[in-house]
Amino acid sequence: AYPAAKARVVSETKVDGTPCNLFLSGDHIVVFTTEYGYRPLPATNGILGDIFRPQEKAIMPSSGPVTHALVYSVSDRARPVLEKDLCADGSYFNARMIDDYVYLVTKEQASYYRDPIAVPAVYDGQTKPMEPDVYYFDNPEYNYVFHTITSFAVAGGRDVRSETFLMGQTNTMYV
């Protein structure tokens with residue numbers, strides 16, 4: 001804010017979870033938060049699949065980190081309006097904004113204890129979750145982590161796109 005001496009709080013917005021990052025693009029703010037959430041997973045294979053008959057559908061809850069990208073319109077600075085709540089499975093790793101596109105990277109440990117293995121999904125409001133294809137590299141790793149890259153336009157109704165890569169643990173991102 002400039003000049004700083006004249007800066008003041010215009011509005012406050014409470015968000016669930018832990019805020020991680022913030023982008024401002026014109027009259028839109030994108031706020032990233034991380035929290036723990038639950039998602040249904042089908043129990044159709046492995047030990048649980050042996051307990052339930054194949055024709056029965058059982059849902060087993062699974063918990064893990066989820067990251068929200070909350071897009072607010074701030075055209076009226078005193079009254080922000082939530083326009084989009086994009087939710088991706090996994091912890092917030094990093095994000096970039098290039099022009100009016102946001103690229104969100106989330107990470108989630110691959111669980112070897114579920115059969116089938118739960119792969120990350122991306123939820124855009126009330127629509128059916130996207131389950132992006134998982135790409136992998138033909139080299140062994142000590143442990144595996146799903147890295148999901150999700151892109152979306154800050155304003156407008158353009159499509160949300162997402163891809164997941166199964167790689168080793170990493171803590172550096174180059175763009």
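Residues are numbered from 1 along each chain as its sequence is written, and side-chain values use heavy atoms, without hydrogens or water.

Confidence to begin. pLDDT is the predictor's confidence in each residue, from 0 to 100. The protein chain averages 83, and 81% of the residues score at least 70. Over residues 42-58, pLDDT is below 50. Where pLDDT is low, the predicted coordinates should not be read in detail.

Now the core. A nonpolar core joins buried (under 20% relative accessible area) Ala, Val, Leu, Ile, Met, Phe, Trp, Tyr and Cys residues through side-chain atoms within 4.5 Å. The largest one has 15 residues. Val30, Phe32, Val102 and Phe152 have the most contacts inside it.

Next, charges. How many salt bridges does a search of the whole structure find? There are 2. The term means a side-chain nitrogen of Lys or Arg within 4 Å of a carboxyl oxygen of Asp or Glu. Asp27 pairs with Arg77, with the closest N and O atoms 3.1 Å apart. Asp27 sits in the loop between β1 and β2, and Arg77 in the loop between β3 and β4, so the pair ties together parts 50 residues apart in sequence. Asp76 pairs with Arg79, at 3.3 Å between the closest N and O atoms.

Last, Val175. Is Val175 buried or exposed? Val175 is exposed (over 50%), with a relative accessible area of 73%. Val175 lies in the segment after β10 (161-167).

Key
Predicted model: local features only at pLDDT ≥ 70, side-chain atom pairs only at ≥ 80, totals over all residues. Buried < 20%, exposed > 50% of the residue type's maximum accessible area, 1.4 Å probe, protein only. Contact = heavy atoms within 4.5 Å. Helix = DSSP H or I, 4+ residues; strand = E, 2+ residues; numbered from the N terminus.
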